[in-house]
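Good morning, and thank you for making time for this presentation. Please look at the sequence and the structure as they come up, and I shall then take you through them.

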Amino acid sequence: MSTVNPTNAAPPFRQVLAESLREEASVWLFVVKTLISFFAAGWLAMRFDLPAPSTAMLTTIIVANRQSGMVLAKSFYRTIGTLAGATAAIGIVASFPQQRDLFLVALSLWIGLCAGGATLYRNFKSYAFVLAGYTAAIVAVPVIDNPPGVFDSAVARISEVLLGLLVSGVVNDVVFPSRMRDVLRRAARDQFAHFVGFVRDSTEGAIPRDAMEKAHLRFVRAAVTLEDLRSSVIFEDAEARARSNHMRLFNQRFMAASTSFQSLHHLINRLKRAKRVRTADTLIRLYAPLGEALHAPIDAGLAARVLLPRIVTARDAMRRQAAELRTTLDDPQDLRDFDTGASLLGRFAEELHAYVDAAASLQSPRVIGGSAERVSFDRGNDFIGAGIATFRTTLTMLVLGAFWIESAWPMGASAMLLATIFAGLFATTPNPTRVTWLVMLGYLAGMVAGFVCLFFVLTQVDGYGLLIIGVAPFLAIGLVMMMTPSLASIGLGWAMGFAYILALKNVQTYDPAHFINDAIAQVIGLGAAAASFVVIPPAIGSAWLRRRQLARLRSQVALAAEAPLPGLRHRFESVNHDLVSQVVAQTQPGSADSRALIAWALAVHETGRALIELRHDMGRRDVPGTLRPYLDEALHTLARFYEKPDAPGYLLARDAVATAIASVGEHEGEGYLLEHLHLVRLALLDGESVLAAYMPTAPLTKDIAHAS
Amino acid sequence: MPREIALGDALVPGLLVLFVLSLLLLWLLDAIAGRFGLYRLVWHPPLFRLAVFVCVFGAFALFLI
């Protein structure tokens, strides 16, 4: 075939075949790796004579993932969670060894608190909390009749889980690892190329507002994705760990530069809209050297380093030209807007330089210098949402516990455990009711498969080798489903239900009656978890939480205006990005909610950054005592307006900013403050922004002229 | 290192203590190798790391009496 000339139709077909084969291969690689770790963990657990080898086996399924870094990251947090949970279990049992009511209340509270804590984190940290919760139940509930056994129970649980983690960690890391480092590297490179390309292409002039909003959304996503990837990759790759701080710095500088860039373009857009084309064009001309500087091939290896000197040259050229271009304008208002734009451009050029510098030090083969400046990515958390999760989980546990005590149900422990596990595991997903139902379906199917496997297949075989052959096909079905996006939840349920109900141990017991009783208890536990999500809907994804997050986003301006300055810039940017990405993940793209969010995010970003720069400048130089009250008043009213936007607040803020500008004008040598204040004022008066809703219906003519 | 150690009256195998110690040492070696880019000289870094761990743990186990 290879010797003949391929027909025109052949390459696409072959390509399609190769693509689908590669996709299939990665699925089957995942299945094989998971099966290897499943059976290796089981075999070792049996050799070590651990009481429940099935726990070690189940662990390998829970942490299974296509990416090695994810497996290691999840394993790390699972270790922490398991240790914390086992410690808590020993504490609870030791406190109430003879008081079942108090014992259940304490346990429910602990589980609830852990579920609440889980909602405060994204990525795997939340998983550690969930685990700390249900490990306590797993350790403590079985020994409720025999309190002195709690220590052995804790040790057994810890050894089983750690064994499972160790085995799947080694297998996933060593056997054909699929490296997330490459994904991270690609993400960082894409982010860099996109941003630089976007800046370069937009030097020609104005960008329409919707394109700007889309770009903003993309930048936010890129920043948050990069942070999420970074937090997992550090587990798989020592080199990535060594560069982790550089990576953070790179991301922070990206966020800062993209915010300044947007402010600049909003300014140009506003000038154009107000038919003040001359000022806008002068600004665009001023900005041209930067665009030329970025005209270099950016996919070559050493790209970022090449760009550095060019940006420096462009910056110097811009400084020289600024004075020259300024003389071409005569109208005082034009001059004022030009100054604002020029200072914004200066800030952007500095930040772009810093960003490219960070990219260059990331691309260099050696890790440069000691550690980079320490920065962290702060998250925007909601404590009331966490409170709801705590309440729901505690209530579920209490109801089930009461039912267990009242009915003296022998299988109550099983139901209680399953409810704990699932209420915790799915509390952080956006649509837990649906996910829990799907998992429950899969769980049921998995238990049926377990029944067939246990009583028709395993009774016929002898020895571990044959056990592997007997069990693997059943498990593989679930694992393949896990890798199919539409069936992922069902597949997870299948694999867990199958492994859990099979309960493989050294001396396997074949007791259909016990099997069925256990299965019923587990289904009831799962159902209780699902019902609890219906009765007390989770906060995540609800309109109520979205409103709260939006309010939180707006109050970021108050943070910018009032929080202590050190580290504020990073804190402001990262919390903003985290909040926006949270809400974006929970809204339909293009819906009214999502548009309102982006409009607010743009306004908050622009005003907040200008306020922070203003405060930095105020702190750097001495502001005369006669001027300071006006500036403070402007900051204060702006903060209040953004916290609680309404028409009177808008007027107050607008007037306070105008007064501040006027009083800065009265003082000699304080002109450097004007630029930031102008920027804030222009953002306030922008008729296209989200603030338009609060503007008086008939604005004063003078303001229109100023505004824009 | 004795074969069994009493930690807070719970008997812990000495091998487990050595295992944790060698994990710590491995973590240190790993950080150094990552810092200086030594993994670039190796074909399969995780396999190499596992092999180093086996060596470290094996050497530590000789301390067991």
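In chain B, 55% of the contacts between residues at least 6 apart in sequence join residues at least 24 apart. A contact here means that the C-beta atoms of two residues, placed from the backbone, lie within 7 Å. What you see is a predicted model, in which local features need pLDDT of at least 70 and side-chain atom pairs count only at pLDDT 80 or more, while totals for chains, interfaces and linings use all residues. Residues are numbered from 1 along each chain as its sequence is written, and chains are lettered from A, and ligands numbered from 1, in the order in which they are written.

Let me stay with chain B. Its secondary structure consists of two helices and two strands, and along the sequence they follow the pattern β-β-α-α. Helices (H or I, at least four residues) and strands (E, at least two) are DSSP runs, numbered from the N terminus. The C-alpha trace of chain B spans about 45 × 20 × 15 Å along its principal axes. Its radius of gyration is 15 Å, whereas a compact globule of 65 residues would have a value near 11 Å. That radius is taken over C-alpha atoms, and the globule rule is 2.2 Å times the number of residues to the power 0.38. Of the 65 residues in chain B, 11% are buried. A residue counts as buried if 20 or more other C-beta atoms lie within 10 Å of its own, as exposed if 12 or fewer do, and as partly exposed in between, with C-beta atoms placed from the backbone.

I turn now to chain A. Here buried residues account for 46% of the 708 residues, and the secondary structure comprises 26 helices and zero strands. Among contacts in chain A between residues at least 6 apart in sequence, 79% join residues at least 24 apart.

Is Gly497(A) buried or exposed? Gly497(A) is buried, because 28 other C-beta atoms lie within 10 Å. Gly497(A) sits in helix α18 (residues 488-502) of chain A. Leaving aside residues up to four places away in sequence, Gly497(A) touches several residues, among them Gly442(A), Tyr443(A) and Leu444(A).

Finally, the two chains meet. Eleven residues from chain A and ten residues from chain B take part in the contact. On the side of chain A that touches chain B, α6 (150-174) and α9 (238-242) are the elements that give two or more residues. α9(A) gives the most to that side, with four residues.
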